[in-house]
Amino acid sequence: MREKTIRWAFWTAVLCSLLLGTVLFSLCIGSVGISLKKIIEVICEGNTSTEYSILFDIRLPRIILGFAIGGALSIAGVILQGMFRNPLVEPYTLGISGGAALGVCLNIVLRLNHTLGLFSLPLFGFLGANLVIMLVYSLSIRRGILKIQGLLLTGIMISFIASSLIMFIMAISRVEDLHGIVFWIMGSLEEPNWFLIKLSVLVSILGLIISYRFSLDLNAFSLGEEEASHLGINIERTKRSLFVLASLLTGCSVSVAGIIGFVGLVVPHFVRMFVGSDHRILLISSFICGAIFLIFCDTLARTIISPLELPVGVITGILGGSLFIYALSKKQAVLGGK
Amino acid sequence: MLEIKDLTCGYDSEFLLKDINFRIETGELVGIIGPNGSGKTTLLRAITRVLKPRKGSIIFEGKNVWQMTFKELAKKIAVVSQNFETSFMNIEEFVLLGRIPHYEKFQFLETKKDVEIAEKCMGLADTFRLKDRLMGEISGGERQLALIARALAQEPKLILLDEPTAHLDITHQVGVLDLIKRLNEEFGLTVIMGLHDLNLASEYCQRLILINEGRIHKIGQPQEVLDFQIIEEVYKTVVVVEKNPISSKPYILIVSEEERQRRGK
Amino acid sequence: MKRNKILSISLFSICIIGFYFLLKLPVDSAKRIEPFRGPERIISLGPSITKGLYLLGVENKLIANTTYCISPPEAKKKEKIGTAVEVNIEKVFNLKPDLVLATSLTNLKAKEKLKNLGIRVITFPTPGDFGDMCKQFLELGRLVNKEKEAEKIVKNAEKKANSIKKKVENLHRPRVLVQVGTKPLFASTGCYFINDYIEFAGGMNIAKKAKEGIYSREQVLKANPDVIIIATMGIVGEEEKEVWGKYKTLNAVKNDRIYILDTDELTSPTPVSFVKTLEEITHILYSGK
């Protein structure tokens, strides 16, 4: 077992250094290139130069948010894939993103962000997400038992309904609102409000810590619910807790940053190929890997066609998808669960 | 040790176990037999809290099973199931899962003691040599042994097995059952197993519970239960019951249609 | 069990520290915006604003605009900081503007972010009518210290507009549809200034009372406009004209009165270009160009 712990520690260290590297890379790159040496100079100089502001007021918030959201979505993906024992499940399958998008849509169309302030946008998103969570949950619970298949189907259906409602709202809205809605849906790590950024970080890290409480449960879950209960896992309580945890992580992420797809689906699979399916290492590795991935994609998104910016979801989709297919074809696929 | 009182339970559809009553003493090796669909698995599920009883109670060492936490129950009763989803872990990790009920509240890495116990159990079940092989790669018989090793790692007082010999060849059938018998005699492990093969049941079990159509048809020693009239009544097929020349236990001989016709003439 | 206690206490304390960090620790919140002294470095985030700045003669102070700002032609050569919707914040910040002029299309978060960085951002929402447009132009003039010029331009434009209105006062009023979007069909309703193009020119906007959103072709057929003006660019406009051509019962089709106008001029006007377009439309309505 000593060997296993060493192997895990090694992987965690590797990923952490990769994360650091990606952060530095992202700090250096932009419409104004700032070399590493300059960064150190700037930090020493202090709060005066333009470069300082660029680094710490423009790039760093995006990086930190990318860390939080990438991590949160990845572990939400790990949790859901472990719970559903289905490799195609990802945080948006349960309809949470649809609910959040619907909330934001309503806010934009009803001009509530003008009256209530910009903070109301993510708030509405979060409310919308929660509504869907409660709906999906209550529709899937029968006599105290949470049916996994029910969750999946209900979530997918609600996703569709939400999309249709959003399209309906888009069809009757003004042009400028339309732009606002579309750009929100496309997802962006640009967030002017530091409070929200800090909140996201807090939620993500708390989520990671809490998920470790269930890491063994998730391992047992891979054998099926009945087997897991034989191993002493209280499956109903575990299912409920995991569902709420994953939903809140997703809800918060979507409310703040919009819909950034692929992260929650691809990162867990990719990480599994290297560290295996044991959730005790999978959770932390996916968190860090997800953070690296999102920060990297965001860096590309804001520099590839400078001065124009691509929505980060475009890069995560293309890059994530291609990387995954490539890795799949090279290595013997070790998809968890099946 | 285990007492079932007036148990009635079942699924949403018609089928129900009705008025089940029996007791199992510590150290016994009991077999549950009966035709397909008679309720063997249902009974085992009821005992392990998978199925909620409509009526009646299941008392283990004086405490109602439904009043224990899942963890408590798992430390006392271990289950070896028939089939489950294969997972991508190796045997060692699989057996270590059996230690989960014994983990402390915030512990999520196995301790040295856990590893030792797991290795001991693997040794008992003769799977130590397989410990780095993946679960999906080993044969059915070896998987059954791994399951038993995991159940042992839970350090239970009672072990339930659901058709442990299904789909196994003779070597493995005997191997598994010999292991179970050894665990029962040397370590005092109480065993309840559901078997479909009457001869194996007869050979290895101290007592048999015969279930038919959801009710207990007969409880007793193999000689009492495996009587040709009872078998014909329950299984609706003609058999001849002889004494096994080696162990003196009852031995069921099936009578094929051809034979029946020949004898008829 | 003692180890458990220690663990849960430490976990709890981590949470408390987390909350403290969240609420108390100051991070660079909104910087103070410098008092205004008259802009020397202006960035425009919309085509109509760019045009306005050129009209007022302050184009030398314009340091950057969007990729949508194609008129006047010199504007294309300026530094680009994004589209009319998305703004490259880093670039804007690096250019150190003292005034950024946004439209209602500009991304709200981007505006907020710029304000947080200490940059003065003024938004000019889409004008509801010609009167609004003039007011905004005056405001623009005031912002760039060209009040007198702005007043002159606006007075001139108002005079011209009024004279056109007078000219067509007693003529019969043709029914007009101005289409601002194809696939799906978007008609200009009474909410925006485009309505004024129609009414000042003496026409009647068939979609005036309609609600926002996609307009149904059936409604158009029912209303049977005499003139259809399509405001899109290039091939799409021609295609749409052909589509209308299929509906032979429409007056506009019968009399071959479907026109295509340049969308940039139509939808991002200054008071001056408004009048110019107004003259065009009046001409279309009454002489069947």
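Predicted model: local features only at pLDDT ≥ 70, side-chain atom pairs only at ≥ 80, totals over all residues.
I begin with chain A. Helix α4, residues 96-109, and helix α8, residues 175-186, have axes that come within 10 Å and cross at roughly 155°. Angles over 145 degrees count as roughly antiparallel, and α4(A) and α8(A) are therefore roughly antiparallel to each other. The crossing of α4(A) past α8(A) is right-handed. On the α4(A) side, the residues that meet α8(A) are A:Ala101, A:Val104, A:Cys105, A:Ile108 and A:Val109. Their counterparts in α8(A) are A:Asp177, A:Gly180, A:Ile181, A:Trp184 and A:Ile185. By class, this contact has 8 nonpolar residues, 1 polar and 1 charged.

I turn next to the cores. The largest nonpolar core holds 164 residues, and B:Val95, B:Ala149 and B:Leu160 touch the most other members. Its largest share, 15 residues, is supplied by helix α14 of chain A, residues 279-303. Leaving aside neighbours within four places in sequence, B:Leu160 is in contact with B:Leu44, B:Ile47, B:Thr48, B:Ile77, B:Val79, B:Val80 and B:Ile192. Another core, of 76 residues, lies apart from the largest one; among its members are C:Ala64, C:Val92, C:Leu117 and C:Val180.

Finally, the contact between chains A and C. Chain A contributes 31 residues and chain C contributes 32 residues. On the chain A side, the elements giving two or more residues are α3 (50-84), α8 and α9 (194-213). Which of the elements gives the most to this side? That is α3(A), with 6 residues. The chain A side divides into 15 nonpolar, 9 polar and 7 charged residues.

Methods: Residues numbered from 1 in each chain as written. Chains lettered and ligands numbered in written order. Axes fitted to C-alpha atoms, helices over the stretch in contact; angles between N-to-C directions. Helix = DSSP H or I, 4+ residues; strand = E, 2+ residues; numbered from the N terminus. Parallel < 35°, antiparallel > 145°, perpendicular 65-115°, else oblique. Left-handed = near helix turned anticlockwise from the far one by under 90°. Contact = placed C-beta atoms within 7 Å. Nonpolar A, V, L, I, M, F, W, Y, C, P; charged D, E, K, R; others polar. Core = buried A, V, L, I, M, F, W, Y, C linked by C-beta atoms within 7 Å. Buried ≥ 20, exposed ≤ 12 C-beta atoms within 10 Å, placed from the backbone.
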